[in-house]
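These are notes for a colleague who is new to this structure. Please read them with the model open.

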Amino acid sequence: MNTVDKVKTTLITLSGSKKFKYFMLFLWAVVCAVLAFDVIHNGKYYYETGDDMFIEYINGGAYGECNPRNVYNHIFLGWLFSALYKIFPGANWNNAFYFSLIFVSFFVIGVCLILRAGYIKGFLMSVILVFSTTHSLLVKLNYSKTGILTVSVGLVFLISTLDTPDWKSKRCKFLRILSFLMILLGALVREKSFIALIPYFVIVGIYVITKDKENKKKLLPIAGIGLLITLLWVGNDISYNLNSDWKFYSKYNSVRTELLDYGFPSYDEYESQYHDIGISYNDYRMLYYWNHADMSVFGIDKLEQIKAIRDTDQANRFSIQKIGNTIKNAIGLSTGYAEIYILILLFLIFVAMDNGSNFSFQAATTLIGLGEYGYIIYNGRINDRAVIASIIPALFVLTLFCGNETRKDSLIKYIRGLVCLVGVMFYAFYGCRFCDMKYVKPNLASEHNQASALLSYTSSHKESLYLMGPNENAAWLSSGHCPVDSVTPGMLSNVVICGGWTVSSPIMTDIAEPYGDKYNPFGILASNSNAYWLAGDETETAVVLTYIREHYNKDAECTIVDTIDKYNVYSFAIKTSSVGRDS
């Protein structure tokens with residue numbers, strides 16, 4: 001027997017060996033465990049946005065009592081987290097939950113690939129998929145991407161239990177329950193986690209029917225979990241609408257999201273339109289800094305009027321040029337992040353190594369991913385977090401359509417595919433580091449001490465109210481806060497964020513109400529000598545001063561009453577001659 005025949009015989013023997021299968025599954029479990037230990041033990045993670053941190057703080061009681069309504073998680077999760085924080089306040093339950101979902105998803109997708117695509121090929125594909133997305137999904141921790149990942153993998157897991165001859169067995173039924181649980185938990189993390197995956201649910205439903213036309217009952221689990229999630233989120237909306245304050249906030253936040261998350265037209269181009277609705281250039285700059293916590297100026301009607309200007313602007317720009325700009329932005333974002341490349345490369349590898357029977361589903365999945373990617377950019381959501389989240393479902397659902405059959409010249413195809421996989425694996429590691437690692441923001445000891453000093457200051461002056469812009473607030477908190485740090489109850493119970501999605505929420509209005517108009521923190525800042533502006537950005541502070549002069553007190557002065565490291569404590573409601581107080 002020549003060498004080629006020996007290699008071929010060995011490969012065939014390994015492919016049919018149960019011991020080898022269990023060895024590869026065990027090896028994958030070890031890889032996931034080592035990855036978890038490396039990332040968590042060495043602290044290689046941080047919050048990608050302040051939103052993740054604020055959700056943790058709301059549930060953990062940082063703003064007062066543990067609150068189950070954090071806006072983005074389903075209220076069921078909010079109740080769970082709030083209860084756990086009350087019983088065991090020393091732990092970070094939000095992120096323990098998120099980390100668990102991520103690592104379970106990584107392990108499950110590897111198992112599905114190994115069993116569906118072949119032991120060696122599936123293992124290598126799992127390594128490529130997980131390690132090329134680890135930085136985006138785990139190092140840059142984000143609740144939206146965690147939810148989307150969990151739903152995507154849960155969907156692959158569910159179809160894997162249906163796409164088998166013994167799909168009615170007790171073992172498969174039990175595994176289906178676990179897949180239901182994954183999809184359900186991922187969808188409860190954020191509603192859009194499920195909405196973004198609806199096209200993929202349709203694709204896999206068609207796939208199941210195509211594979212087994214005689215058993216249309218296989219569609220019932222897919223439809224059932226979709227219906228259950230829909231009903232749960234309808235119930236969540238009802239729970240918010242039953243409370244008048246939260247109902248008002250929900251309407252306000254919906255308008256705010258549509259405006260600020262997708263941008264608004266420049267003041268220079270639309271000065272007359274802004275002037276007609278009563279928005280000055282400095283008001284525009286306040287919006288630019290996301291400081292819009294003033295319902296008398298930036299109420300629902302006013303935000304809708306600004307949105308109307310934006311919509312008119314976009315309608316005027318609807319042209320080949322806008323489509324061209326969308327393509328340009330898409331290419332620009334994809335050259336900075338590895339996920340879009342990995343999606344295309346995975347598609348090509350699946351086609352090269354598969355028997356070709358699932359090509360249409362592979363192509364459809366890839367096109368849906370690229371379509372959602374382009375749609376988000378076209379509508380102005382140009383940031384890496386949003387567009388990467390649109391790619392994640394395609395990356396993971398694509399694994400479902402990888403078969404373990406090869407073409408007639410199996411040995412040549414196998415070796416060629418193996419070389420291709422090794423090359424792409426090298427690219428995945430290199431590309432992920434080159435594209436993403438430059439954005440790592442380590443929690444330096446100096447930054448941690450700075451954040452601790454600020455928290456200590458505000459906590460020691462509970463009689464006062466402190467206002468902060470959303471960007472500054474997120475910056476000084478996240479710079480010194482790691483996702484495994486615990487929340488100190490009440491540590492921000494006298495701090496109001498003046499921008500972003502928490503504005504006008506009962507969480508912030510309850511803090512502001514004892515000092516004045518709860519829907520107008522800037523009005524409080526202008527009139528209450530016990531309210532202070534905390535900032536390190538002098539330019540932003542100058543904009544706030546001009547805003548107060550334009551709307552509340554034309555003779556207002558900005559006085560520094562204290563300094564903590566690089567941050568100043570400003571008062572706008574006392575005379576310039578006032579002196580600083582003891583800190």
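1. Helix α14 passes helix α25 in a left-handed crossing, meaning that the near helix is turned anticlockwise from the far one by less than a right angle. Helices here are DSSP runs (H or I, at least four residues), numbered from the N terminus.

2. The model is predicted, with local features needing pLDDT of at least 70 and side-chain atom pairs pLDDT 80 or more, while totals for chains, interfaces and linings use all residues. Residues are numbered from 1 along each chain as its sequence is written, and side-chain values use heavy atoms, without hydrogens and water.

3. The axes of α14 (residues 281-288) and α25 (residues 538-551) come within 9 Å and cross at roughly 135°. Axes are lines fitted to C-alpha atoms over the stretch in contact, with angles from 0 to 180 degrees between N-to-C directions.

4. On the α14 side, Asn282, Asp283, Arg285 and Met286 meet residues of α25 that include Val543, Tyr547 and His551; contact means heavy atoms within 4.5 Å.

5. Serine 105 lies in α5. It counts as buried because its relative accessibility is 0%, buried being under 20% relative accessible area (1.4 Å probe, protein chains only).

Key: Helix = DSSP H or I, 4+ residues; strand = E, 2+ residues; numbered from the N terminus. Buried < 20%, exposed > 50% of the residue type's maximum accessible area, 1.4 Å probe, protein only.
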